[in-house]
Amino acid sequence: MESENEIRLRASLRKAVGDQEADTLMEKLTSIEEVRAEMHMEFAMVSARFTDMDSRFNEVDARFNEVDARFNEVDARFNQVDARFNQVDARFNQVDAHFNQVDAHFNKVDEHFVTLESQLLAMQKTFVKWGATMSISLFVTAVGVIVAAFLTR
């Protein structure tokens, strides 16, 4: 059903270009109006899809912000752990340096012990020689006393 404006437009066109040309122009105009209506529908669908995609983007962006906040928490915790590790590492280095000092002192004591041990072994050999010499001297003396006792009898 044609509107009042369409009827007036058709009448004006018939006067200006003739019946057949006016009908052709009106069909084209109707076709253009149909395409325009389809375009409006397509635009509305695209706009709805855009709105949906924008909503999804906002959801993803919100999730990203949550993940980013969690990452910042983890990063802060990592920095705390790293700082603690550095403290432990510094303390370990102090203990290691002290251990090296104790180890060096132990090595000096060990050298002294080895020196004392070699001196004790040398002294033992000397005492063994003296003991042997003394034993021989006592034996010779005892034999001399026994011989002297037999001779004086």
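Is Phe 127 buried, partly exposed or exposed, and what is its relative accessibility? At 47% relative accessibility, Phe 127 counts as partly exposed, where buried means under 20% relative accessible area, exposed over 50% and partly exposed in between (1.4 Å probe, protein chains only).

The structure is a predicted model, in which local features need pLDDT of at least 70 and side-chain atom pairs count only at pLDDT 80 or more, while totals for chains, interfaces and linings use all residues. Residues are numbered from 1 along each chain as its sequence is written, and side-chain values use heavy atoms, with hydrogens and water left out.

The structure holds one aromatic pair. The ring centres of Phe 127 and Trp 130 lie 5.6 Å apart with their planes at 70°, so the pair is edge-to-face. For this term, rings of Phe, Tyr and Trp (its six-membered ring) pair if their centres lie within 6.5 Å, and planes under 30 degrees apart count as stacked, over 60 as edge-to-face and the rest as tilted. Because Phe 127 and Trp 130 are three residues apart in helix α2, about one helical turn separates them. Helices (H or I, at least four residues) are DSSP runs, numbered from the N terminus. Trp 130 is exposed, with a relative accessible area of 54%.

Charged contacts come next. Side chains of opposite charge can pair when their charged atoms come close. A salt bridge is defined here as a side-chain nitrogen of Lys or Arg within 4 Å of a carboxyl oxygen of Asp or Glu, and by this rule the count comes to five salt bridges. One of them joins Glu 4 to Arg 8, with the closest N and O atoms 2.8 Å apart. Glu 4 and Arg 8 are four residues apart in helix α1 (residues 4-17), so about one helical turn lies between them. Glu 4 is exposed at a relative accessible area of 57%, whereas Arg 8 is partly exposed at 47%.

Helix α2 (residues 19-152) contains both Glu 33 and Arg 36, three residues or about one turn apart. Their salt bridge brings the closest N and O atoms to 3.1 Å. Both partners are partly exposed, Arg 36 at 46% relative accessibility and Glu 33 at 39%.

Arg 70 and Glu 73 also lie in helix α2, three residues apart, about one turn of the helix. Here the closest N and O atoms of the salt bridge are 3.2 Å apart. Glu 73 is partly exposed at 48% relative accessibility, and Arg 70 is partly exposed at 49%.

Definitions and conventions: Helix = DSSP H or I, 4+ residues; strand = E, 2+ residues; numbered from the N terminus.
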